[in-house]
Amino acid sequence: MFLLTEMTWPEVKQALNTVKLAIIPVGAHEQHGPHMKESCDAVLATEMSKRLAERLHPFALVTPTVNFGVSHHHANFPGTISLQPETLICVLRDMVVSLKHHGISRFLFLNAHGGNQSTLSIACHSLTRELNVEIYYAKTTASAKNALKRHVKSPLYGHSCEREVSEALYLAPHLVHMDRLEKGDIREGKWRKLRPGNPVQGTYSYEDMTANGCIGDAPKASAEAGKAIVEEALDQLTTSLSELLNLTGKKVPCSNCKKSGGCKELSTCLS
């Protein structure tokens, strides 16, 4: 796969002969309760991006990760670092402008932090028009509908819960303190009337909702569940992007192919 952080400029120049998409991992640095490290979202965005690029090779490269996000709702838990929405958009704009200069015109913001989604929607809309490029955005595992239904039973989940901990146990187990796993210590409040799916939505601080910074039931997490969620999401993302990039059924050069001058289908060629 093509990882920009591990390449020399001649290697990048060569890769640009086939690259059609830059994957920009977008994370956050924020509290994740007593059992997950605060780098969680940035690490998960990076790991998902690498696996997606592997599936799309040689048509995608992964840029350096945006390690901070919009996390003001976690600000009262120690260690959280948050960007203003406009700051995140400016960082993404400069990354897109730089990569467009090298000939890339299509981008995916692959996001692992729910608090970034509304900002990324605005960035996608405004930067596509301003810079004359194609920009897509996706939440890392939101498309794994079947696996989520099978493995996540908590009515309230989404942060340091059985879903996120399971993903980490599969992708980056060093993020999880297994001896400290706790269920969310939920507090009642008006936040229930402001959650997604309600007639009216709004902002609230995470300490208003949970005393320990997490929700859901983390002790029920498993690497097996994480694998099911992650792999289904990668299947969905790969299919959608292959269609958007017109890669379906495309024959590609394969440097590792045993046949002289041979090639393999996109789905099997991972050189």
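The model is predicted: local features need pLDDT of at least 70, side-chain atom pairs count only at pLDDT 80 or more, and totals for chains, interfaces and linings use all residues. Residues are numbered from 1 along each chain as its sequence is written, and side-chain values use heavy atoms, with hydrogens and water left out.

**Exercise 1. Describe how α3 and α4 pack.**

Solution. 
- Step 1: recall the method. Two packed helices are described by the angle between their axes and the distance between the axes.
- Step 2: find the helices. α3 covers residues 85-101 and α4 covers residues 117-131. Helices (H or I, at least four residues) and strands (E, at least two) are DSSP runs, numbered from the N terminus.
- Step 3: take the axes. They come within 10 Å and cross at roughly 40°. Axes are lines fitted to C-alpha atoms, for helices over the stretch in contact, and angles run from 0 to 180 degrees between N-to-C directions.
- Step 4: classify the angle. α3 and α4 are therefore oblique to each other. (Angles under 35 degrees count as roughly parallel, over 145 as roughly antiparallel, 65 to 115 as roughly perpendicular and the rest as oblique.)
- Step 5: α3 passes α4 in a right-handed crossing. (A crossing is left-handed if the near helix is turned anticlockwise from the far one by less than a right angle, and right-handed if clockwise.)
- Step 6: list partners. In α3 they include Leu-88, Leu-92 and Val-96; in α4 they include Leu-120, Ala-123 and Leu-127. (Contact means heavy atoms within 4.5 Å.)
- Step 7: sort the residues of this contact. There are 11 nonpolar, 1 polar and 3 charged. (Ala, Val, Leu, Ile, Met, Phe, Trp, Tyr, Cys and Pro count as nonpolar, Asp, Glu, Lys and Arg as charged, and the others, Gly among them, as polar.)

**Exercise 2. Describe the largest pocket and the largest cavity.**

Solution. 
- Step 1: On a 1 Å grid over the protein atoms alone, a cavity is a set of points where a 1.4 Å probe fits but cannot get out, and a pocket is an open set with protein on both sides within 12 Å along at least five of seven lines; lining residues have an atom within 4 Å of a point.
- Step 2: size the pocket. The largest pocket has a volume of about 1100 Å³. (Grid points are joined across faces, edges and corners, and a volume is the space filled by probe spheres set on the points.)
- Step 3: read its lining. The largest pocket has 32 lining residues; His-73, Gly-114, Gly-115, Arg-195 and Pro-196 lie nearest its centre. The lining divides into 11 nonpolar, 15 polar and 6 charged.
- Step 4: turn to the cavity. The whole structure has 1 cavity of 30 Å³ or more. Its lining includes Leu-44, Lys-139 and Arg-163. α6 gives the most to this lining, with 3 residues.

**Exercise 3. Locate the cis peptide bond.**

Solution. 
- Step 1: find the bond. It joins His-57 and Pro-58, with omega about 5°.
- Step 2: Pro-58 lies in the loop between α2 (40-56) and β3 (60-62).
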